[in-house]
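Colleague: I have not seen this structure before. Please take me through it in questions and answers.

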Amino acid sequence: MTLLSVQNLALDLPLSGGLLSALNPKSRRTLQIFADVSFTLNPGETLGLVGESGSGKTTLARALLGLTPTTNGTIHFDQTQRRTPADFTAMRANTAMMFQDAIASLSPRMTIGALLAEPLIIHRQPAPKTKIAQMLALVGLPPDFANRYPHELSGGQARRVGVARALVLNPKLVIADEPTAGLDVSVQGEILNLMTDLKTRLNLSYLIISHNLAMVRHVSDRIAVMYLGRLVEIGPTRQTFAQPLHPYSQSLIASEPLPDPRKRRQDLAIKGEIPSLLNRPKACVFQSRCPHVQPICRTDPPTLREISPARFVRCHFATPTGALT
Amino acid sequence: MNPPLLEIDTLNITYHTDHGTLSALRGASLIARAGEVIGIVGESGCGKSTLAASVINLLPQAAEVTSGAVRYKGQDILRLPPEAQRALRGQDIAMIFQDPMTAFNPVLTMGAQLVDFQHAAQIPRAEKMARARALLTRAGMPDPDLTLRRYPHQLSGGMRQRVAIAAALLMNPTILVADEPTTALDVTMEAQIIHLLRDLRSDYQGAVLVITHHLGVVAELCDRVYVMYAGEVVEEALVDDLFHAPHHPYTSALIACDPGHFEQATPILPTIQGRLPDLRNPPKGCSFAPRCPLASEICATPPPRVQISPTQSALCHKAGGRS
């Protein structure tokens with residue numbers, strides 16, 4: 001039984017085109033942010049969504065919670081399709097989002113206590129002081145933090161408040177957008193360990209969005225790799241890291257600097273940079289940077305297909321061994 | 001061995017803040033020779049950026065150098081008159097900043113700025129432009145002529161960082177200071193910038209100082225490393241010794257915390273318990289002792305700098321097998 005199921009989700013945003021296009025809606029150009037996004041998430045599972053800036057990760061996360069309307073595709077949460085704003089409001093009582101910039105996501109004029117009570121008030125649930133103290137204890141903060149303001153917190157403490165705020169409604173699914181960005185490595189471990197611990201205790205599912213591969217590798221059961229608004233590979237984390245099948249996943253994993261001078265990377269895995277969404281390559285989105293590109297990649301868009309059990313890859317030439325033929 | 005190009009000698013810097021005086025650097029020393037890539041690594045608040053800023057004397061107003069010296073080719077640059085310091089900046093000592101967006105003027109083209117940076121050179125403008133173009137090509141810009149006509153906002157972060165590297169190399173500096181040069185970049189661009197910096201070493205005779213919190217960048221790029229904690233250099237070592245035979249417990253803990261360090265996925269990541277000491281009132285003994293698994297009574301007294309080998313030392317009572 002899946003908790004979250006996403007089928008062929010797509011999002012186009014209108015490009016502002018001046019006065020003429022405002023008068024003639026048909027001429028309005030749109031910009032495709034992502035398309036053909038399909039995946040599932042099981043209860044108690046952690047899915048890591050990785051990709052570079054501009055690949056559409058954050059917009060996808062917002063769309064999953066109904067914070068950005070989508071143009072195509074379906075979202076099922078808890079076996080129910082979520083379509084209208086009312087559907088999503090109901091869904092958000094059972095889901096939570098941890099935003100990228102922990103301090104900026106907390107209103108500077110509200111105390112931590114008020115910030116933790118806010119989700120309960122929005123969803124018309126009682127918000128007693130004992131509940132706030134209980135949430136602070138859950139994330140390892142002393143009860144007197146309820147009277148503090150966000151500017152009095154360190155980066156790590158603000159993340160803990162972010163975790164508490166996400167969990168206050170007792171959600172089934174938590175979407176964490178870059179949960180450790182900007183934290184020192186010693187503090188990063190604390191936040192990840194806290195999230196892992198709470199996952200087992202509260203039977204949560206996580207969707208963790210990050211560009212930090214080393215981190216995602218330790219906390220995810222499965223990973224999904226996104227490139228220019230397409231999921232190019234989904235699979236179990238261990239197998240995907242040991243043997244990535246899509247040429248983009250291969251170069252992404254081979255680009256990560258390793259903390260060992262004896263394993264210096266001699267060759268560059270990938271050159272150039274991710275194209276702008278305005279210049280998305282036709283057919284296969286990765287063809288402009290792919291070292292294995294063939295004529296078919298410029299004419300036929302590849303589909304996400306199951307190459308070996310539980311491993312899905314969007315490439316014409318991917319094989320179960322990682323070779324591209 | 002080459003004589004040091006740059007020598008930071010027991011430097012003490014304090015910041016005067018509304019909440020008291022903060023000791024940002026406490027007796028930090030560092031040596032850089034020609035041809036070396038030096039890594040300065042540590043977590044936020046350890047003083048690595050203050051150390052980098054002192055090399056080019058771009059310290060904030062609130063900073064005060066209480067003792068020590070920064071010697072460049074033997075002369076103390078902190079005590080030079082401002083004009084002489086300005087003459088060194090850009091010419092002899094150049095800096096690559098973390099955020100290449102704020103390092104450029106948003107209303108001038110890249111070409112205009114790259115020409116401006118050469119204001120001290122007595123050569124015609126066309127020649128300066130040609131030099132800018134040549135360095136952009138060297139820094140791997142795919143279309144240098146177009147780049148010269150572009151404004152900073154028209155370039156991506158990775159491209160701006162390449163231009164920043166080209167700009168820093170314009171005057172052929174002897175010391176290049178790179179403050180978190182890849183932190184703002186994505187992993188595939190980070191790999192390309194590391195590759196570029198490594199590649200530039202072959203035709204660059206000076207010393208490079210790389211300030212970073214990312215151990216992967218240190219391992220990929222540096223020859224020698226200084227590890228900083230609470231304003232002090234706690235360990236100095238060749239890069240291989242640092243990763244494979246660290247002597248300071250903080251270095252070991254930092255390496256252990258890096259998720260990139262594990263071959264296999266681990267559900268529980270190591271952390272460093274506790275937090276940084278308050279630098280308004282720095283501890284008398286070892287500043288890492290409250291968080292250190294090896295700490296004992298002796299750690300309440302100032303730790304010695306133990307020389308493990310000619311190239312490695314650690315600021316620790318327990319280093320090198322001492323009790």
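Modeller: A residue is buried if 20 or more other C-beta atoms lie within 10 Å of its own, exposed if 12 or fewer, and partly exposed in between, with C-beta atoms placed from the backbone. The model is predicted: local features need pLDDT of at least 70 and side-chain atom pairs count only at pLDDT 80 or more, while totals for chains, interfaces and linings use all residues. Residues are numbered from 1 along each chain as its sequence is written, and chains are lettered from A and ligands numbered from 1 in the order in which they are written.

Colleague: Which residues is B:Ile38 in contact with, leaving aside its neighbours within four places in sequence?

Modeller: Contact means that the C-beta atoms of two residues, placed from the backbone, lie within 7 Å. With those neighbours left out, the partners of B:Ile38 are B:Ala32, B:Ala207, B:Val208, B:Leu209, B:Val210, B:Cys222, B:Arg224 and B:Tyr226.

Colleague: How many residues of strand 9 of chain B are buried?

Modeller: In a regular strand the side chains alternate between the two faces of the sheet. In strand 9 of chain B, B:Arg224, B:Tyr226 and B:Met228 point one way, B:Val225, B:Val227 and B:Tyr229 point the other way, and all are buried. For this strand, residues 224-229, the buried count is six of six.

Colleague: Which residue stands opposite B:Arg224 in strand 10 of chain B?

Modeller: Two strands pair if DSSP finds at least two bridges between them. Strand 3 (residues 37-41) of chain B pairs with strand 9 in the parallel sense over four bridges, and there B:Ile38 stands opposite B:Arg224. Strand 10 (residues 232-238) of chain B is joined to strand 9 by six bridges and runs antiparallel to it. Here the residue opposite B:Arg224 is B:Leu238.

Colleague: Which residue in the turn between strand 9 and strand 10 of chain B has a positive phi?

Modeller: The two strands form a hairpin, with two residues between them. A phi of about 50 degrees belongs to B:Ala230.

Colleague: Which strands stand at the edges of the sheet of eight strands in chain A?

Modeller: The sheet is open and mixed in its pairing, with the order 6-7-8-3-9-10-12-11. Two strands have a single partner each, so one side of each lacks a neighbour in the sheet: strand 6 (95-98) and strand 11 (305-308) of chain A.

Colleague: In strand 12 of chain A, which residue is the bridge partner of A:Ile234?

Modeller: Strand 10 (residues 230-236) and strand 12 (residues 311-313) of chain A run antiparallel and are joined by two bridges. The partner of A:Ile234 in strand 12 is A:Phe312.

Colleague: Which helix of chain B supplies the largest share of the side that touches chain A?

Modeller: The contact takes 35 residues from chain A and 37 residues from chain B. Four helices of chain B each supply at least two residues of that side: helix 7, helix 8 (215-221), helix 9 (239-244) and helix 10 (249-257). The largest share is eight residues, from helix 7.

Colleague: Where is A:Lys271, and how many other C-beta atoms lie within 10 Å?

Modeller: A:Lys271 is in the loop between helix 10 and strand 11 of chain A. A:Pro85 is 186 residues away in sequence and 42 Å away in space, C-alpha to C-alpha. A:Lys271 is partly exposed, and its count of other C-beta atoms within 10 Å is 14.
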